Amino acid sequence: MRLTMIGAGYVGLVSGACFADFGHVVTCVDTDENRIRALEKGDIPIYEPGLDHIVATNVAEGRLFFTTDLDRAVAEADAVFIAVGTPSRRGDGHADLSYVDAASREIAKALRGFTVIVTKSTVPVGTGDKIEAAVRAERPDADFVVVSNPEFMREGAAIEDFKRPNRIVVGTTDSRGRDVMSEIYRPLYLNQAPLLFTDRRSAELIKYASNAFLATKITFINEMADLCEKLGADVQDIARGMGLDNRIGPKFLHAGPGFGGSCFPKDTLALIRTAEEAGAGLRIVTMVNEINEARKTSMAQRVIDALGGSVEQKTVAILGLTFKPNTDDMREAPSLALIPPLQKAGAQIRAFDPQGMDQAAPLLPNVMLTHDPYECAAGADVLVLVTEWESFRALDLERIKVAMNPDPVLVDLRNIYPPAEVQAHGFAYQSIGRPLLDRGESVP
Ligand code: NAD
């Protein structure tokens, strides 16, 4: 099959490269000329483990192409995937569909022969209907169907998720659309990946419902962590004890600084707006969104409290800036809600992230960016672990302590260290929802 991806960002580029790896011929189109030029030279504009290899292999084997020439790429395609951004619209939290609308107009003009237009972007319920109407208005003669195929990949594990998905959701009631989508995903179907066919609106809603549910799970355990801190219980044991129940499952039960990223914050907001307009308020998701925003901004106070109530003229070292490990994505990262209030309270900030420094630099003015965790810790009064990169899990705590000012404090917002170990090295230690040693109880 000949496939065209409109948008060569996280989703478009990973999906395009993986589709090429299945044997399809894929052209990735982007309006960002620098991005396309970089890709043509073999430079990958995002950090995603394994992506460089899969792109290089498929380019070399003549199945993966990059261009800014949308017309030609669409005219030649059996299926055109819309994988452009759908950020929050400023002011009201609705999904901003301007990129989707622009892409649809361009696709309409270029259609030739029967073509399946696939929305891979996360779009509000009814967007497929609108795209269909817009394309039909522009090109009454065109032979096309619009199918919803939401993407569930996680940044940092996107290739694994794409190649071994929990499920593939396809929203269409058109038999030709169904046939083309079955053919595109046949390699995965043979791998027994469940292919769920439904109508277009249900497919669109499955994506939002899934993200809202995962966001709820995180927020639930975060509230349990707060309760644990009041009661002297250990949230990690609570999560383990809950997660062993098959009906609950262990994933997304890690207490932390609140969810961020390119999807959950904007998708929960967009779902709330969609529901409001449909006259069916979503009280749980609305609360989840509010609780999470408050949680992210409360993390600065947690650091201030850990230093005895003031960070004036103190140095705060931040480990981890991206919204999660194994990505360079800074969208809605908890670090962005943490650092500015600390600066406002008088702290000097030093920071290190294994992959996110280039993306973070313009977003975090007056932050001293360093080259490794030890340089980051130098002269700091408190070290705050914000993103749980693997390389932060086995730091040489003695070396960190020597680099820091006397009476060092470690605030571990991801619970990656055993409290006893950190305290044994002479740190004052704070984590999320776990008791401290000085309560006089044994800590595992
Ligand atoms: P992104 O911002 O990384 O990439 C979007 C790309 O589209 C950019 O390179 C941009 O230049 C390009 N673009 C915009 N308008 C265009 C046009 N008219 N023609 C060609 N290119 C155009 O976004 P992303 O993170 O890949 O997300 C894309 C969609 O997928 C969003 O709806 C998002 O919610 C959804 N999604 C994202 C993830 C994720 O982990 N990032 C996971 C699942 C779903």
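Begin by selecting R295, which is buried at a relative accessible area of 6%, where buried means under 20% relative accessible area, exposed over 50% and partly exposed in between, with a 1.4 Å probe and protein chains only. This is a predicted model, in which local features need pLDDT of at least 70 and side-chain atom pairs count only at pLDDT 80 or more, while totals for chains, interfaces and linings use all residues. Residues are numbered from 1 along each chain as its sequence is written, and side-chain values use heavy atoms, with hydrogens and water left out.

Because D226 lies in helix α10 (residues 200-231) and R295 in helix α13 (residues 283-306), the pair ties together parts that are 69 residues apart in sequence; helices here are DSSP runs of H or I with at least four residues, numbered from the N terminus. D226 itself is partly exposed, at 33% relative accessibility.

Next, select D161 and R154, which form a salt bridge with their closest N and O atoms 2.7 Å apart. D161 is buried at 14% relative accessibility, whereas R154 is partly exposed at 42%.

Then move to D245 and R247, where the closest N and O atoms of the salt bridge are 2.8 Å apart; D245 is partly exposed at 23%, and R247 is exposed at 74%. Finally, select D129, E132, R200 and R201 together, as salt bridges that share partners join these residues into one network.

Terms used: Salt bridge = Lys/Arg side-chain N within 4 Å of Asp/Glu carboxyl O. Helix = DSSP H or I, 4+ residues; strand = E, 2+ residues; numbered from the N terminus.
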